[in-house]
Amino acid sequence: METAPTPTHCPYCALQCGMDVTPLPRGGVEVSGRTGFPVNRGALCGKGRTAAEVLSPAVRLTSPLVRSPGGTLEPASWDEALDRIAGALSSVRAERGADALGVFGGGGLTNEKAYALGKFARVVLGTSQIDYNGRFCMSSAAAGGTRAFGLDRGLPFPLEDVPRTGCVILVGSNLAETMPPSLRFFGELRDNGGTLVVVDPRRTRTAEQADLHLAPRPGTDLALALGLLHLVVAEGRTDEEYIRERTTGWEEARAAAMAHWPEYVERITGVPVPLLREAVRMFCEPEAAMVLTARGPEQQAKGTDTVGAWINLCLATGRAGRPLSGYGCLTGQGNGQGGREHGQKADQLPGYRKLDDPAARRHVAEVWGVDPDSLPGPGRSAYELLDALGGDVRALLLMGSNPVVSAPRAAHVEQRLRSLDFLAVADVVLSETAELADVVLPVTQWAEETGTTTSLEGRVLLRRRAVDPPPGVRSDLEVLHGLAARLGVDKGFPTDPEEVFEELRRASAGGPADYSGISYRRLREGNGVFWPCPAPAPAGARPDGPARADGADGADGADEGGGPPAGAGTVHPGTPRLFLDRFATEDGRARFAAVTHRAGAEEPDAEYPLLLTTGRVVAQYQSGAQTRRVAELNAAAPGPFVELHPRLAARLGAAEGDRVAVVSRRGRAVAPARITGTIRPDTVFMPFHWPGEGRANTLTNPALDPVSGMPEFKVCAVRVEALGPRE
């Protein structure tokens, strides 16, 4: 008898493509795209199509591992593994205090796991030292969006709005490789007469689809945005009525932009003035337009200000909080949006509440049944936490992350992990970080568990369990339940994800990311619900809630807006489109950011005369811990490489395929040369998916954005040395 397919979502990027998973009679599963889901409409990239390969016991963990006296990881029982973790955490806390315990989460954890992990850190361990790898992905966009709009949601509109706008400026995204199913929306934009402007130092597959490609020097996106705004003002293209009615801070932002005249910006960025003018024309002539940023401008030590400058361009032209217009961030990780909303960030409580807000502490403490004063304050950001390992922080519980490959200055981070008194890792596979652990716990993954994620659109989705995990594998929720009990907290950590979500709803109620009106039942019945989605108010109560951003028109976001507000007895339909009536600030106005260009944290010099930028390739994902275990993906992208412009290669004496060393102030990486005219002559590129001698993040700079805590992954000074042909 055939088994019916289970509708669920892809485990990889923030598109969260809809897929059906069907167990096969002779074992294994079949994965197919779900045509009824509006984001991918049945399409899957190679990673999604092969996602079931990682479910195989042959490539993943199936038993707890503990470090033996001889130094090797050996199989152990669950009781032995959990007892060892609980004992180590208790011992370190007793000797050095709660803040000697660290917790590091991941942007791939479901909302339920992220919520439970944050609660575990603060209630069970009592530590402030918790953060997650999403700090390395979207934090600058989140900080810039919150500063401007009072609220951070990756996209304030559904992707289906993209084909209907007039122009999109896409900054620092190679979505043709990072999220291929989304490319169709941009193709449809052009088919409908709209234009696409791509900003990227490389002529990527995405840039090849553009009407206009701007190739700035890495680290100069802020100057580029300011130069475009200067031209908008100089050419009389500002929307003065909109600025007057819906914004504040324009005079200061205008003055800052006017100091960035076009010829000056050309000298900084390398983008010719005629192309700057053409970009302004394309953006301003249609009635509606969007700016979308990704890691390129965000992963910089000035990423928050850079995002602010691109938002300024939208605000000055009246292209935010209007239909088919606005600023958005293309969130990267599978639950990068939800993962930053519900408490695994250093400064945050569930519902996107601030940890230092007394009212937020009281609300969440009441849900958790604890004294608000018992909750620790904000802790270190992700890199700062990793840098403190072996110093102030002596023991670490890590879930769903692989910083040995993914963190900046990775060799240093690896050393800090090795210096810990105790490291416990919960993961699907034996990652490079798990190999360093004292205890490794095998946990369930996407198709083996139920839980919610929140896509880059702010669409809350239900992943459903389709297959049973292998014997010996438990869920992260079971891990936290078992550890909490061993550490003296018998209640408050259920293992049923729906029960956890019900508590998350209560904890988020009234917060900026309000999920209180969302239930598993609603999610099972449709294609997700966009937050904010408050619960119905009691009869006679005044409806409130953050960012009543209107456009509350149902889960699929099919209409322009104007749906009913949440009132007494009214089921809120969700909010596909934010800010159509007001922004989420106290006065309802958006804030301009008065920002100016500044140099990167590390500029080229005689010893390190080139710039390195990093990124992804289509067949691998993040640190590669899972995708490097899939034969088809490895065949397509078997290892690291270094992109060199032909002029640079000739100067170095390097031929295609020759080994080259890329050297920065932090270390050295070696990989084959890939010679291409699609990159700037002053820039080299490396993908960051691999460990070992080709590890790109050995080189990257941990200089931090002062607001977001984002490291400067996207630009550092290097030199390149030719090592000759591969042997």
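Thr-433 sits in the loop that links strand S17 (422-427) to strand S18 (439-442); helices (H or I, at least four residues) and strands (E, at least two) are DSSP runs, numbered from the N terminus. The model is a predicted one, in which local features need pLDDT of at least 70 and side-chain atom pairs count only at pLDDT 80 or more, while totals for chains, interfaces and linings use all residues. Residues are numbered from 1 along each chain as its sequence is written, and side-chain values use heavy atoms, with hydrogens and water left out.

With a relative accessible area of 0%, Thr-433 is buried (under 20% relative accessible area, with exposed meaning over 50% and partly exposed in between; 1.4 Å probe, protein chains only). Leaving aside residues up to four places away in sequence, Thr-433 touches Leu-398, Ser-401, Asn-402, Pro-403, Val-404, Leu-417, Leu-423 and Val-425, where contact means heavy atoms within 4.5 Å. Of these, Leu-423 lies 10 residues from Thr-433 along the chain, with 9.5 Å between the two C-alpha atoms.

Strand S19 (residues 451-454) is covered on both faces, with Gly-451 and Thr-453 buried on one side and Thr-452 and Thr-454 buried on the other. S19 runs antiparallel to strand S20 (residues 459-463), joined by 4 bridges; strands pair if DSSP finds at least two bridges between them. Thr-452 has Leu-462 of S20 as its bridge partner. The two strands form a hairpin with 4 residues between them, and Gly-458 in the turn has a positive phi of about 80 degrees.

Turning to the helices, two packed helices are described by the angle between their axes and the distance between the axes. Axes are lines fitted to C-alpha atoms, for helices over the stretch in contact, and angles run from 0 to 180 degrees between N-to-C directions. Helix H10 (residues 262-269) and helix H11 (residues 273-284) have axes that come within 9 Å and cross at roughly 110 degrees. H10 and H11 are therefore roughly perpendicular to each other (angles of 65 to 115 degrees; under 35 counts as roughly parallel, over 145 as roughly antiparallel and the rest as oblique). Pro-262, Glu-263, Val-265 and Glu-266 of H10 make the contact with Val-273, Leu-276 and Arg-277 of H11.

Helix H2 (residues 78-96) packs against helix H19 (residues 476-486) at an angle of about 55 degrees, with the axes 9 Å apart. That makes H2 oblique to H19. In this contact, Trp-78, Asp-79, Leu-82, Asp-83, Ile-85 and Ala-86 of H2 meet Val-479, Gly-482, Leu-483 and Arg-486 of H19.
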